[in-house]
Every structure is written in structure tokens, then in C-alpha cells.
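Me: Please take a close look at one part of this structure and its surroundings. I would value a connected account with the criteria stated.

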Amino acid sequence: MIIIYNNKSKVTEIVSTETGTFPSKINRNIAEVLIDLTDKFRDEIVVWCHESERDNLNVSAIETLFHHKKLLFSYSSSTNNFLDNRLGYFEDSPFIIINKEVRYATWQMSGMVGAVHASVINACKKDLKAKDNFDYFLNSFAKSAMPHGLFCYSEPRLLMQKKVVESKRKSNTYELFRFTKQHYKTRWVFLLFFNLLLFEKQFQLVPFVFSLFYRKRNFNSEALNHIALASNKKNIELGTIDVLIPTIGRKDYLLNVLNNLASQTYMPKNVIIIEQNPLENSQSDLDFIQNSKWPFVIKHHFTNRSGACNARNIGLTMVESEFTFFADDDIFFENDLLEKAIFTFQTTGNEVFLVACHLESQTVIPHQIKQFTVFGAGHAFVKSSCIKNLKFNMGFEFGFGEDADFGMQLRNRGYDILYVSTSRILHLKAPIGGFRTKPVLQWQNEEIQPKPSPTVMLYRLLYDTKEQIQNYKSMIFIKNLNSSFLLNPFGYIKTFKQKWNSSVYWANNLKRQQS
């Protein structure tokens, strides 16, 4: 392991944990030294650490963090990140608010302390810009490489003690616009300018114009392909799998799913079926559960209460295996899906992942396993210990967002969500779909109907920054512009505000009801 100590702008000392201090390369650009060292020491972990954290660096823990090579870690105990909260005006993802108490997936890196395997830098060095200041260099690298298979995390275990400080390593407005132009589509530069003007009354014309002279940064999507994803973490003990399926009114489709499971090369231990029928005095329609022989145990629960959140919460209490497959009742998959899932748990060392779920008209393009922004409760594999005492938030019942909310609960426990395109599930989109019985929503009789849906707004209020919510507001306004705006712009804006405020009101009601 090689450690680069620095004073923010320059290298102060380079130390090998095996041979001691390096005699040269002092007072040089940190990024340049990092690239040079990884070229010479191709099978080493390279660490960077600010002088202020020298005695706090948790050297003994770093090697254990690298259970495979395709990892990039950093950490700052600061309350702020290099790119400030204005990042929310163009980035709509869960990678913005970082939970500093747990390992948290994010491309937002810090020059305070971090680590990477030399093979990763060598694979990507043609696309790296060493002349950037170190924080910009790291954020640019992670933002570019994360979609192509590099796993990036804020990792508090890099330090022995977390001491909250106010960091001085912040980007300025010029760097913010530059970063937007170099890593996003050009339209986001315009939206950033518009949002700063609208919500912060800042007329940032000069940084905006300067940013237009920068080119979008390219990154070789195949750069990391030759680095094997082979975790040495012991992630599997028993290897048992339970399958959790909520169902309502889809008897024939559910039977097909059970037949799919019965033909698997790796057999589930239990299949948990939560059957819903809201009709009073109704009974189970699933006679084939008892009338057929199955190579697994079927745990069947019938309820007159409809709703996917409630059904899945019932099912979660019945899980007993090491892993859980969250499935829908109208899907089709190949007979090696569960076998591939176990292999994925083993090779990635990760506890949560989604497999590709597509419609018959869609084509899945295979690519490297990567970190993902959302969770899907119809095509997810999860280590069951991760979901102990977790529940789907009932505030999202009969709406949208319960999957994303459950995913955020997992993230805030320190579990990352991966996407695996080489395993696939066909979503049949059964014609008897949706909720079958129209739910009675609390706001359905309101004169001003909320827009967006209060459940969508609830997710935003729970997990987004103020800037992300404001950007979302801008996007909805722009996307819904029509001829009525030209005919009566002031009336259009007034109605838009009323619908938005109604959505916020009902979202806060849902929030209070679940607290």
C-alpha cells in the first residue's frame, strides 16, 4: 500500500507501508503523482490523505475494504462536499445527500482521504485530466467511471475517528458551471443558470458563458472491462432463497411464475404468496397451491386488504432464508435466474442488486455490473439480513414511490444497489393490471387536484435537497407548457402553483400519518 500525504494542493510525503518513505515527488500536483505511482506500482492500493488526518488514517482497515479491485473510496467528515448544494439544480439522483455514518454509494469524492487500486487508474488514465485541482479531478473521474462499472463510495472507515468540521475545499460558481458542461448534456447548463436566477436571484452570466467553451469529457466505456469483478468477501453461508410475490386477480399468470420457479436449476426454499382480494367475504382463488406438488414450500397468506405495500410488509415477516427474491406475479424468466443470482452475490460481494426487467418490445443492452439509482420491488435480490425490521412505507400505498423509498432505506443502512443486465426478467404487463379496484384517495374530491402526485412529492420531501425539489418544480413546469400558457400566462402560473402547493400539503399529511 502506498500513501500520498498532501496539504491540499501539493504532495508533502509519500510512504509505502512495506518500504517506508519515498525520497522524491514532493511538492508536485497530487493527481499527477497519483497517476505516476499507479503506473509504477500496478498491483498496489494507493491512498491519499491530507496532513490534518495523518494520525487519524485507519491504515489497517483499508486493505479489508478492497474485496475486489473495481472500487474507489473517499471520505470527508465535513458537513459539505466539494460541489455544494447547488448541484441539486442539475443532478436528480440519490448520490447527492451523503449519509456520512455508513458506507454510501456516491460519485462525490473528497481529496481529504481516499483510496483506489492502481489497476483502475491505469485502465482509465487516458481519460483523466491530472491538471485539475485534486477535488475536481476525483469528482470528474468518479462521475465519468461510475456508469461503466467503477463502484464509488463515501467510506467512514477510512478514518479512525469522525470529527465534523467545516471544509474550505469548496467549488466556486465557475467550477460548478464547468462541471455541469463537462459531465452533463448542455441543456443542464442553461437550466442551472435559470434555476439560480429564479430561486436564488443570482444572475451568473459570466460563469455560464465561460462554461460553454468547455467540451464534454469523454470516457472509454470499456476501460474497466478487463479488470475482473471477483470479490473475496464471504457473502454466502447457507445460500437459501425465499421468493416474495404479492398477487391480486392474476391466477393464471401466478401459476406460470410458480412453474418458472419449479424449473429452476437452483431451487428456492420457500415461495411466499400474499394473495389480496378486497371483496367482502371473498376467499382464495389459488386452488393449484394445494392441488399440485411443488419442489419448494409455499407460504400462502390471504387478505381482504389490497395494496402492494401492505402485502409486501406481510411477506417480509415470513422470510426465513438467507436471500430474498422480490418478484411480481406477471413475469417470465429463464431457468437459471436464481443460479445466476447466487453467482452475482458471490462475485460482487454486494447485498442488493436488480436484474434487468423489460417489456417484450424492449431490448436489454448488456454492460458491466454498475451502481444504480433506483430499487425495483419486482426484480430485486436482497440479502435478508439487510431488510430485517424494514418495511414499505404505507404512505405510498396506492401511489408511486414505494420502491424508491425502500431503496433509500437500504442505502441509509449502508447497502448499495447494483444493476445486472446479464440476468433478465420479462415483464408481461398482465392486462388485468394496476390496482383492479380503484382506491379512494384522500385528495380525490379536492377542487384543485395536486400535481405531481402527493406520493411522488412525499418521496421528494423525504430524500431530496431543497435545490433538487426546486429543479423538479422547474422541470414539471417546462414539460407541461402548452397553448394555455400563451393564451393566459398569469392564469397558467397561478394554477400551476395551486396544484404544486396542494401536492406539498397532501404529501406532508401522508408524512405525518406515517410518523
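Reply: With 1% relative accessibility, Cys309 counts as buried, where buried means under 20% relative accessible area, exposed means over 50% and partly exposed lies in between, for a 1.4 Å probe and protein chains only. The model is predicted, so local features need pLDDT of at least 70 and side-chain atom pairs count only at pLDDT 80 or more, while totals for chains, interfaces and linings use all residues. Residues are numbered from 1 along each chain as its sequence is written, and side-chain values use heavy atoms, with hydrogens and water left out.

A disulfide is taken as a pair of cysteine sulfur atoms within 2.5 Å, and by this rule the count is zero. Cys309 is in no disulfide, the nearest cysteine sulfur, that of Cys357, being 18 Å away. For Cys152, the closest cysteine sulfur belongs to Cys124 at 9.7 Å, which is too far for a bond. Cys152 also counts as buried, because its relative accessibility is 0%.

Helices are DSSP runs of H or I with at least four residues, strands are runs of E with at least two, and both are numbered from the N terminus. The buried residues of H6 are Trp188, Val189, Leu191, Leu192, Phe193, Asn195 and Leu196. These buried residues pack against helix H5 (173-183), helix H7 (205-211) and helix H14 (466-479), contact being heavy atoms within 4.5 Å. Just after H6, Lys201 adopts a positive phi of about 55°.

On a 1 Å grid over the protein atoms alone, a pocket is an open set of points with protein on both sides within 12 Å along at least five of seven lines, a cavity is a set where a 1.4 Å probe fits but cannot get out, and lining residues have an atom within 4 Å of a point. Grid points are joined across faces, edges and corners, and a volume is the space filled by probe spheres set on the points. The second largest pocket has a volume of about 390 Å³. Among its 18 lining residues, Glu91, Ser93, Lys143, Tyr184 and Thr373 are the closest to its centre. H6 and strand S15 (370-371) are the elements that give two or more residues to this lining.
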